[in-house]
Amino acid sequence: SLFFVDLDDLKSINDNFGHFAGDTIIIASGKKLLETLSRYNAFIARLGGDEFIALLPGCVDAAELSRIADLLVQNLCQDYLLSTTTVRISGSIGIASYPRDGTTVEELIKKADNAMYAAKAAGRNCWRFFEDDMLREAQEKLLLTNSLRRALENDELSLVFQPQLSLEDNRLAGFEALLRWHSPTYGNVSPARFIPLAEQSQLILPIGAWVLEEACRFLQTLSAAGYEQVRVAVNLSSKQLADEQIVSTIQEVLRRTGIAPQQLELEITESALLTALDESCAKLQQLKNLGVRLALDDFGTGYSSITHLRLFPVEILKIDKSFIDTIITNEDSSLVNSLIHFAQSLNLRVVAEGVETKEQLEYLRQYDCDLIQGYYFSRPLPPEEALLLLEKHDQNRTP
């Protein structure tokens with residue numbers, strides 16, 4: 001059987017501590033592999049970077065392989081000393097066996113690699129056996145990614161805009177720009193499917209630049225119609241935030257389109273910010289200094305903590321839909337109430353995402369939530385319909 005081992009998040013070690021620190025982790029991990037697998041007469045090699053393979057002759061029993069993989073994951077997940085600090089590194093493992101999964105070296109390595117990526121997708125620091133579905137999914141991803149590369153030039157991408165309602169004065173205060181892809185081959189592809197592919201393939205950079213440009217053009221339309229006070233929020237990915245040119249890119253788009261910086265809002269997830277905290281916060285502070293508004297998106301779903309709210313130079317907190325879904329059953333009502341009031345004590349405005357019922361709306365109004373967005377008020381709309389809704393709502397609004 002062949003074990004394909006990949007260290008988790010070694011790039012962040014190289015980025016934050018330097019490649020010497022990364023090399024130290026690789027050497028220590030190699031020793032852990034040797035210690036753990038020595039009794040199995042294993043052949044162990046480093047393929048390159050942070051990838052290893054281990055060949056276990058005569059071992060194809062699933063129960064035995066599971067036990068070995070558990071032990072290997074446990075031994076790889078350790079605290080490593082780097083200069084004056086310690087970091088925890090883990091490993092993800094894929095397993096393929098001869099002759100069940102393949103009869104050539106190339107086949108076995110490819111399938112063990114696919115299984116390793118399945119372990120990464122399952123949350124890392126774990127292992128997976130190869131299954132036929134994995135190869136099918138990998139091939140589908142490749143084909144979909146290739147189609148996505150042509151989507152921009154073939155005009156297959158579009159934006160829709162979901163309104164945000166201010167509960168204080170019943171005003172349509174802004175929109176969130178959401179990306180859509182209609183492929184001639186695959187039809188309407190879910191953002192949950194193609195956004196991760198764009199991230200993995202670096203296509204998120206040109207696509208993100210296009211989204212920013214189109215959102216600012218929509219802001220031009222709003223301004224021309226007399227709605228300079230209405231904001232448009234654009235999601236900023238971790239790859240975009242890591243781009244050295246991101247501040248100058250946004251500055252140039254603002255200059256070229258002539259919109260006021262405060263009309264543009266950038267939404268960043270906490271996990272994106274934590275990738276390189278100091279550098280990310282410095283860039284966001286530069287954007288804030290330009291006048292652009294900053295929002296922390298999907299709060300409560302990942303690494304979120306109250307402490308981080310004090311560190312990030314954001315002005316808006318978006319509470320994730322998963323909390324709003326259970327607010328009526330009181331499972332999360334007290335938590336949402338506490339979050340709203342704590343955020344407001346830090347002078348943050350609070351947006352509740354995914355509001356779908358009148359009961360949810362009334363709860364949030366009772367909790368003094370600032371804004372809501374969701375299907376109860378409006379689904380995401382094409383630009384022309386979004387402008388019509390804004391005009392209609394403005395005419396019918398009672399202060």
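1. The hairpin of E8 and E9 has four residues between its strands, and Asn170 takes a positive phi near 60° there. The model is predicted; local features are reported only at pLDDT of at least 70 and side-chain atom pairs only at pLDDT 80 or more, whereas totals for chains, interfaces and linings use all residues. Residues are numbered from 1 along each chain as its sequence is written, and side-chain values use heavy atoms, with hydrogens and water left out.

2. Strand E8 (residues 157–166) is joined to strand E9 (residues 171–183) by ten bridges, and the two strands run antiparallel. Strands are DSSP runs of E with at least two residues, helices are runs of H or I with at least four, and both are numbered from the N terminus. Two strands pair if DSSP finds at least two bridges between them. Ser166 has Arg171 as its bridge partner in E9. E8 also pairs with strand E16 (residues 371–372), in the antiparallel sense and over two bridges; here Ser166 stands opposite Leu371.

3. Nine of the ten residues of E8 are buried, so this strand is largely enclosed by the rest of the structure. Buried means under 20% relative accessible area, exposed over 50%, and partly exposed in between, with a 1.4 Å probe and protein chains only. E8 also has the highest mean pLDDT among the elements, 97, while helix H12 (residues 306–311) has the lowest, 69. pLDDT is the predictor's confidence in each residue, from 0 to 100.

4. A further sheet deserves attention. Five strands form an open sheet in the order E2-E3-E1-E6-E7, with mixed pairing. Its edge strands, E2 (43–48) and E7 (127–129), each pair on one side only. Neighbouring strands in this sheet are turned by 20° against each other on average, direction ignored. Axes are lines fitted to C-alpha atoms, for helices over the stretch in contact, and angles run from 0 to 180 degrees between N-to-C directions.

5. Within this sheet, strand E1 (residues 2–7) and strand E3 (residues 51–55) run antiparallel and are joined by five bridges. Leu2 has Leu55 as its bridge partner in E3. Helix H4 (residues 105–121) packs on the sheet and touches E1, strand E6 (91–96) and E7; contact means heavy atoms within 4.5 Å. The direction of H4 makes about 140° with that of E6.

6. How many disulfides does the structure hold? It holds zero, a disulfide being a pair of cysteine sulfur atoms within 2.5 Å. For Cys77, the nearest cysteine sulfur is that of Cys126, 11 Å away. Cys77 is buried, with a relative accessible area of 17%, and Cys216 is buried at 0%.

7. Lys321 lies in helix H13 (residues 321–325). Is Lys321 buried or partly exposed? At 31% relative accessibility, Lys321 counts as partly exposed. Apart from its neighbours within four places in sequence, Lys321 is in contact with Glu353, Gly354 and Glu356.

8. For the protein as a whole, the secondary structure comes to 16 helices and 16 strands. Of its 399 residues, 47% count as buried. The C-alpha trace spans about 80 × 50 × 45 Å along its principal axes. Among contacts between residues at least 6 apart in sequence, 66% join residues at least 24 apart. The mean pLDDT is 89, and 95% of the residues score at least 70.
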